[in-house]
Amino acid sequence: MWRYIVQRLLWLVVILLCVSVLIFTILFFVPGDPAEIALGAESTLDERYEWRDEYGLNDSYLEQLGKYLYNTFLRFDLGKSYSNKTPVVREFGARLPRTLGLGLLCLSINIILGIPLGITCALHRNTFLDHLLTVLSMLGMCMPGFWLALLMQQFFGAKLHFLPVMGVGSWKHWVMPVIAGSISGVAGNVRQTRSAVLETIRADFITTARAKGVPENNIIYKHMLPNALIPILSLLGGAFGHVISGTVIIETVFTFPGVGMYMLTGTQARDYPVIRGCVLILAAFSAFVVLLVDLAYGMVDPRIKAQYVSYSKKSKKEVE
Amino acid sequence: MKKKALSLVLVIAMLATMLAACGSNNGAAQTTPAATAAPTAAAPNEVTLPEGNNDAVVSADAENTNYILPELTFDLGQFNINPLAMRGAGQVTYAVYEMLYATENGIGTPMTPVLADANRGGNNSMGLKGMDHEAGTTEYTFYIYDYITDAAGNKITASDVVFSFEQTRDYKQVTGWGDIEKWEAVDDTTVKMTTTRELTKKGEIENILLRCYIFSEKAFNDSPSGFTTDGCGTGPYIITDFVQDASVTCETREGYWQTNADLRPRSAEANVQKFVAVCITDNNTKVTAAQSGDIDMISNLVTTAVGPFLNNDQFNVHSFAANGIHYLDLNCSPDSIMSNPDMRMAIYYAISNENLANILNAVGVTAYYPLTAFGHNLFSDYQEKWDTEVNYVTEYNLEKSKEYAAKAGYNGETLYFLNANDTSGIVENLQNMLINAGFNVELKSYDRNTVTSYLGDSTAWDLYYNMTNSSDYMTSLWSHAMDPAAFGGHTENFIVDERFNELLSNALNVNSTAEDLDAFWQYSVENGYLYPLVRAVNSMILPKTISNVWLNDKNNFMPGAAYYTEG
């Protein structure tokens, strides 16, 4: 099992290398001059050339790529922002706790509400409760997050003066962003959980368990849910992967100073170090999350764990 | 049957929700109506445009009651508090740091000494105190007071001034400093600046003296972040709290160095004890934040969004002339049909600035004014006589447009109109005007940064919509748009005309006369080189406790310099 994990981590390096080359190449060919953005339209051609020279942007593609890969993978230096000359890693790190906090809160609500409600829907299939939750979850999935965010700002902020509409500070600043960020996730999770549990509920082993007189709660949580968890884990894994990158809209609407806003302003300003650095960190995070989800599959389903172990043994035999 | 009924209910519920949300628009975000709408009269709530920035006050007669407001919270668009960043948070840096000079009363007004010693110097063509310059030479001498200290108690000397200028230059966010050779400290209170040529263009000296904050070298080196997340200046405020991309808090500083009230300019006043600048870039969020009380005022809001604050018990709406203009470029290169002067005239006569402004103002407030020349009366070098001249800018004549189009041999070819996609409100109206006049116009809209990459390609566009601004003179607007040095030997719209360049150079000279400026404008009109469209009016949403505001030369609200009343 450890061998499997190490192999995956080694693949992570290869993935990050490919992502780096890809994002570098895309930015190299994207139109737009960061020098003109930094210096303004009133700058002369000479001033812009000098500015680009300072940052090595007048070098050839291969020269720039070489320097970038060397700095990133050997010196672990993601560079400094063009606009405020601060290290990308430091700026990203300063914002990460907020975005991570927001994302994890949304994910927690997603799990705490989504899974039980999905189970409830499945167990009360075709009743009024099931239909009501189905309608609500479809509403939740259809509503754009930013639209809901704007509505909540108007209602709870401007009209009722109940909650602050922007910024960070007390716990009150987190309420609306968390709600806006989690609604669609909860709705999706309800639908997925309902579907997964319904598939399992008809299985023979559940009928057998009932016939043996096992209490219903035990049937649900010890027999049904573990078997229904695989697709739910995939959904949650994807949601977890979006924890950092997916909150950009919520952060923009609520002026929540997180990673999403940092990336957005960097993209608008053609701040290449910021864009490259953020994409690379996000890619690493996403790849790591995928690995965690795969390992979680193994924990939930012993058959999958056995596959990982046999894969490792097979690889070891081939090496020998 | 049940499922069908449920689906129907669901669809109706979703539609109802969406319509309810859309209908709750309270005027915070407006879309521009189509250009085919007839011009409408201004609504009763029209905001009056002040006559130039000198009158940009809530109440022109308000005097300083010397009331110190305890706290004020407002919005901040740019969040870079580094004094080296010229595109940073001006409201904060201007309060924490000072320059050698400041403008007396905003854009286009004379400079007044701040750190520069008002008791020395004065031997220069501008009559500027604190500076000596002999005409025909490339040396400029500045004198500073010998009792300047910063918030940490560091004494500011000439070597700190030199250090500040060098750091600002090396940060590489200032432009137009290419002719400065060096700065040197002659003694503790004297700085000499040497240039490669005498600075004879209008605005060149201002571009140096009003673009560099002065700070202590020791304070800069002691700063753990190089003034990126903290700061120490000579201004009346200190930074007490900073949350990246969220907020910055400033409080008045004990022991401000300039104790002589007669020498203390308006920019150095501290009429609010504490201010909190909150990073908000979106106009809708600004409106909601003000309505909810999260911020006390909005320092910069597009005038089309002021609706909720008109006739409001809590707020005043104060409008001020933006320091820029919106204009249309026609591609004068041989690659474009617009190189034909008749074709340019055909386009110009098909556009009505007045109609355009009326359409843009149809939301009920005056957000735009039509232009009659490439500038407006905010700038001291603008000439009022241009307002009444009859030319293609002031005249809208479809018959003339058709005549010129026929003369140019226009046969319905597609004209490509390049623009940034955040300007669609104005550009679509222009497109409609031209289509109504019989032109086939296709928009090429991209994000602003991509637009600049197409701008240099003479085959990529025929028309280009742009904005430009200036913080000192109208001729700087001309320079930004038309200086061949910025575009590699031709203007932004590919004009290659020695006479045009000569007249522009004369107009930009620091000793230029009104005749020089008029000569440039008249030549531009004769050849159909420039087309100004409208100027914008920006707005501030102020609480009733503010009786008078003061804007710096970048049109930034200065919280310390405003006048407040109690309650």
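Predicted model: local features only at pLDDT ≥ 70, side-chain atom pairs only at ≥ 80, totals over all residues.
**Entry 1: the interface**

Residues are numbered from 1 along each chain as its sequence is written, chains are lettered from A in the order in which they are written, and side-chain values use heavy atoms, with hydrogens and water left out.

I then looked up the contact (heavy atoms within 4.5 Å), to which chain A gives 49 residues and chain B gives 41 residues.

**Entry 2: charged and polar pairs**

I searched for salt bridges (a side-chain nitrogen of Lys or Arg within 4 Å of a carboxyl oxygen of Asp or Glu), and the rule finds three across the interface of chain A and chain B. In one salt bridge the side chain of K172(B) meets that of E54(A), at 3.3 Å from N to O. I also noted by class that the side of chain A touching chain B has 21 nonpolar, 15 polar and 13 charged residues, where Asp, Glu, Lys and Arg count as charged, Ala, Val, Leu, Ile, Met, Phe, Trp, Tyr, Cys and Pro as nonpolar, and the others, Gly among them, as polar.

**Entry 3: two sheets in chain B**

I turned to the strands (DSSP runs of E, at least two residues, numbered from the N terminus), which pair if DSSP finds at least two bridges between them. One open sheet of four strands in chain B has the order β4-β5-β7-β6, with antiparallel pairing. Its edge strands are β4 (131–132) and β6 (180–187) of chain B, each with a single partner strand, so one side of each is left without a neighbour in the sheet. Within this sheet, five bridges join β5 (residues 139–143) of chain B to β7 (residues 190–195) of chain B, and I found T141(B) opposite K192(B) in β7(B).

Another open sheet of four strands in chain B runs β1-β10-β9-β8, with mixed pairing. Here β1(B) and β10 (residues 272–279) of chain B pair in the parallel sense over seven bridges, and the bridge partner of F74(B) in β10(B) is A277(B).
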